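Hi,

Here is the structure I promised to send over. Have a look at it first, and my notes follow just below.

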Amino acid sequence: MAEKTKAVLMVHTDRAQGELWQTALSSQQLDVTWQNTSLDLVQYLEKCDRQDLPDLMIMDMAVKSPSSESLQSSSVCQWLTKNKVSTKVVLFNPRQEKIKDIEHSWAIRRGASDVIPRLYSDNLITEVARVTALMGCTLEPIPLEKIARTLDSRTVTTQAKVLEPKPVESEPVSTTKKSQTKNNTRSNQNADESHVVMYRGVRIRR
């Protein structure tokens with residue numbers, strides 16, 4: 001009897017990143033489903049038969065419940081734990097190229113297996129390897145290398161289209177003192193704020 005293909009359910013807010021993940025995971029012979037961010041994921045999981053539940057979910061960590069401001073990642077992880085479902089959850093932040101320690105700790109405390117940053121050519125293979133390892137799959141690097149080379153070529157093309165920045169005109173002498181006064185005020189404000197860390201709307205003093 002043939003082994004069942006591993007299934008991945010994706011929920012992305014960034015279309016380009018979602019398409020990249022879909023291409024990368026499909027290259028690993030995984031069954032990939034991309035759901036809309038407006039879907040109530042707990043209700044969706046409750047309607048699925050146990051054998052049809054995904055092996056892994058990749059969720060944008062900013063996706064909120066359609067009926068409230070609460071994050072769906074928390075409710076999904078709680079439901080999976082309560083119902084003793086083996087589906088693993090990987091949270092995804094398409095707005096950052098590196099995950100902060102505080103962000104990783106926040107995700108793990110909510111029951112996620114990992115949290116990963118946006119994909120680009122340099123980290124594509126590494127991040128996909130982290131996801132496939134959670135499902136016990138063997139990584140096939142060759143198709144991922146081809147995808148990474150495609151991303152590199154796109155980057156070069158984009159950079160070639162960037163226009164040279166316009167030179168910045170110097171300020172009139174009459175406004176120089178005012179600018180210096182404003183800069184001093186901002187420096188003092190920045191010094192006060194340097195002791196405060198904001199995370200998901202919460203001010204944390206160092």
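Please keep in mind that this is a predicted model. I began with helix α4 (residues 101-109), whose buried residues are Glu103, Trp106 and Ala107. Viewed down the axis of α4, these buried residues fall within an arc of 95°, so they line one face of the helix. Asp101 and Arg109, on the other side of α4, are exposed. Just after the helix, Gly111 takes a positive phi of about 105°.

Next comes strand β5 (residues 114-117), which is covered on both faces: Asp114 and Ile116 are buried on one side, Val115 and Pro117 on the other. β5 runs parallel to strand β4 (residues 88-93), and four bridges join the two. Together, β4, α4 and β5 make a right-handed β-α-β unit.

Now for the salt bridges, of which the count is five. Asp60 pairs with Arg95, with the closest N and O atoms 3.0 Å apart. Asp60 sits in strand β3 (residues 56-60) and Arg95 in the loop between β4 and α4, so this pair ties together parts that are 35 residues apart in sequence. Asp60 is buried, at 1% relative accessible area.

In helix α5 (residues 124-134), Arg130 and Glu127 lie three residues apart, about one turn of the helix, and their side chains meet in a salt bridge (2.8 Å, N to O). Glu127 is buried at 7%, while Arg130 is partly exposed at 30%. Shared partners join Asp114, Glu127 and Arg130 into one salt-bridge network.

Best wishes

How values were computed:
Residues are numbered from 1 along each chain as its sequence is written. This is a predicted model: local features need pLDDT of at least 70, side-chain atom pairs count only at pLDDT 80 or more; totals for chains, interfaces and linings use all residues. Side-chain values use heavy atoms; hydrogens and water are left out. Buried means under 20% relative accessible area, exposed over 50%, partly exposed in between (1.4 Å probe, protein chains only). The arc is that of the directions from the helix axis to the C-beta atoms. Two strands pair if DSSP finds at least two bridges between them. A crossover is right-handed if, with the strands pointing away from the viewer, the path from the first strand over the helix to the second runs clockwise. A salt bridge is a side-chain nitrogen of Lys or Arg within 4 Å of a carboxyl oxygen of Asp or Glu.
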